[in-house]
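Please look over the sequence and the structure shown here before reading on.

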Amino acid sequence: EVMLRMCTFAVQPDGSVAPLTDDARAQLERRIDAMAKDALRTLCLAVRFAPAGEAARDFTDDDEPALAVLAVVGIRDPLRPEVPDAVRRCIKAGVTVRMVTGDNVTTAVNIAKNCYIYDEAAGHVCMEGPQFRELSDGEKEEVAPRLRVLARSSPTDKLELVKTLQRLGEVVAVTGDGVNDGPALKKADVGFSMGLSGTEVAKEASAIVLLDDNFVSIVNAIKWGRNVFDSIRKFLQFQLTVNFAAIFFMFVAILADPEGDAESAPLQPVQLLWINLIMDSFAAVALATEPPDDALLDQRPYDRNEPLITPFMWRKMIAQIVMQTATFLTVMWAGEPWFDSAQPTDGRDAHGTFSRAHHTVMFCVFVCTQLVNQFNSRKIRQEVNIFSHLSRHMLFVFVWTFAAVVQVLMTQFGGDFVFVQPLTLAQWGLVLALSALPLLWGLAVNLLPASYANSPTFWQRGGDAVVAGDGD
């Protein structure tokens, strides 16, 4: 339509040139509008017949360029089949998708409708770049949440939209491939450039390069990003639980010892080294390598200021720490008759309070409890089935099985090196029964009403937090 406004003549079918009448202009404009409504990008082909000897110059700056229209054509840039579904998955994940394009409004709106970006019934807004540019900052902030399509826009408009959304507290991701997209890609929280069609400037300015130039890759990036964040939370949840349980258990046990002798501690140095290996290396491999699941896209986006440990995680950890510490202390002080571990079959340690058999029991109960609690740590939300998708995470199964087998072998054959003695089948059965308590305790926490489980404090009900989308 911009080119058509510069035309004052029309080339006829026989090759002659005639003035462009108002009726002919209106007919061409209707044709442009019809093609735009069919999601076609329209091109106006025109020619200028310059007098002989006229020097070359930019005649588009003339008040009347005197162009002669040749034809109006429409080209279709079809959406990839997977794009509409990818956009819907983004919306389901709490991500608002906006389209910033140089196409005219009609074409842009129809393309946006085809890929579920624009919906008039939902109150979405479409604007042109010059119109958006003229708004004040306050007006931009008012319209930005409902804005879905910005047509006839320039790179400056794209950058201004990014700034406006960031002022509103949004976490903004931007895609771009041209040199002019550099400032917007740099300003955005996450910049996606095109690996195939993108310029080097765009790639340098972006944080992530899409090697296949496919919007689906953005959905995968969201899924992987959430998975990495959740993996950190899972490991932190397990690490804090086992560390504080060990600290409280050892601290209380040593303080309560009538002789005040550290050598009578329930867990010996070599045993603590093995526990530390389970807590750090094995737990990191087991909990931080779970592959992403599509269910991650059903979760609400994370706020940029959201704490690493959620209220529910605090409740879950505190419940496990209290339960485990109480269990360990009970086994230490009252467990000798249960396990028949009071007899000094190997003689008591010169400075020890308990027999080696009872030290072995306490060591096995502690380690097996933490191995069982790894299953609880796989979930950081209120999910009753903590074993879900376990078949997809075979590395977890392998690491967990390896640690369990090593624990059994160490107990049965470690001897003086680990300060243990072999347990009987009956003792192993009771160890495993006590070690299953974290599963029952975790189930009780998961069954708490969500309003209490996720509230900021133990005595208040929690409300629904307003969370900004993690990508626009």
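The crossing of helices α11 and α15 is right-handed, and it belongs to a model that is predicted. Helix α11 covers residues 269-287 and helix α15 covers residues 394-413, and the two pack with their axes 8 Å apart at an angle of about 165°. Because of that angle, α11 is roughly antiparallel to α15. On the α11 side the residues that meet the partner are W274, F282, V285, A286 and L287, while α15 brings L395, F396, V399, F402, A403, V406, Q407 and M410. Sorted by class, the residues of this contact between α11 and α15 comprise 12 nonpolar, one polar and no charged.

Helix α14, residues 356-377, takes part in a packing with helix α10, residues 216-256, in which the axes come within 10 Å and cross at roughly 155°. That angle is why α10 is roughly antiparallel to α14. The contact draws on K234, Q237, F238, T241, V242, A245, A246 and F249 from α10, and on M362, F366, Q370, N373, Q374, N376 and S377 from α14. In this contact of α10 with α14 there are seven nonpolar, seven polar and one charged residues. The way α10 passes α14 is a right-handed crossing.

Helix α14 also packs with helix α17, residues 425-435, where the axes come within 8 Å and cross at roughly 45°. With such an angle, therefore, α14 is oblique to α17. Residues C364, V365, C368, T369 and V372 of α14 make this contact together with W428, V431, L434 and S435 of α17, and the residues divide into seven nonpolar, two polar and no charged.

| Helix pair | Angle | Axis distance |
|---|---|---|
| α11 and α15 | about 165° | 8 Å |
| α10 and α14 | roughly 155° | within 10 Å |
| α14 and α17 | roughly 45° | within 8 Å |

Which residues line the largest cavity? Its lining consists of Q237, T241, K316, M317, Q320, N373, N376 and S377. Helices α10, α12 (311-334) and α14 each supply at least two residues of that lining. By class, the lining of the largest cavity holds one nonpolar, six polar and one charged residues. Among the lining residues, Q237, T241, N373, N376 and S377 are also named in the contact between α10 and α14.

Conventions
Residues are numbered from 1 along each chain as its sequence is written. This is a predicted model: local features need pLDDT of at least 70, side-chain atom pairs count only at pLDDT 80 or more; totals for chains, interfaces and linings use all residues. Side-chain values use heavy atoms; hydrogens and water are left out. Axes are lines fitted to C-alpha atoms, for helices over the stretch in contact, and angles run from 0 to 180 degrees between N-to-C directions. Helices (H or I, at least four residues) and strands (E, at least two) are DSSP runs, numbered from the N terminus. Angles under 35 degrees count as roughly parallel, over 145 as roughly antiparallel, 65 to 115 as roughly perpendicular and the rest as oblique. A crossing is left-handed if the near helix is turned anticlockwise from the far one by less than a right angle, and right-handed if clockwise. Contact means heavy atoms within 4.5 Å. Ala, Val, Leu, Ile, Met, Phe, Trp, Tyr, Cys and Pro count as nonpolar, Asp, Glu, Lys and Arg as charged, and the others, Gly among them, as polar. On a 1 Å grid over the protein atoms alone, a cavity is a set of points where a 1.4 Å probe fits but cannot get out, and a pocket is an open set with protein on both sides within 12 Å along at least five of seven lines; lining residues have an atom within 4 Å of a point.
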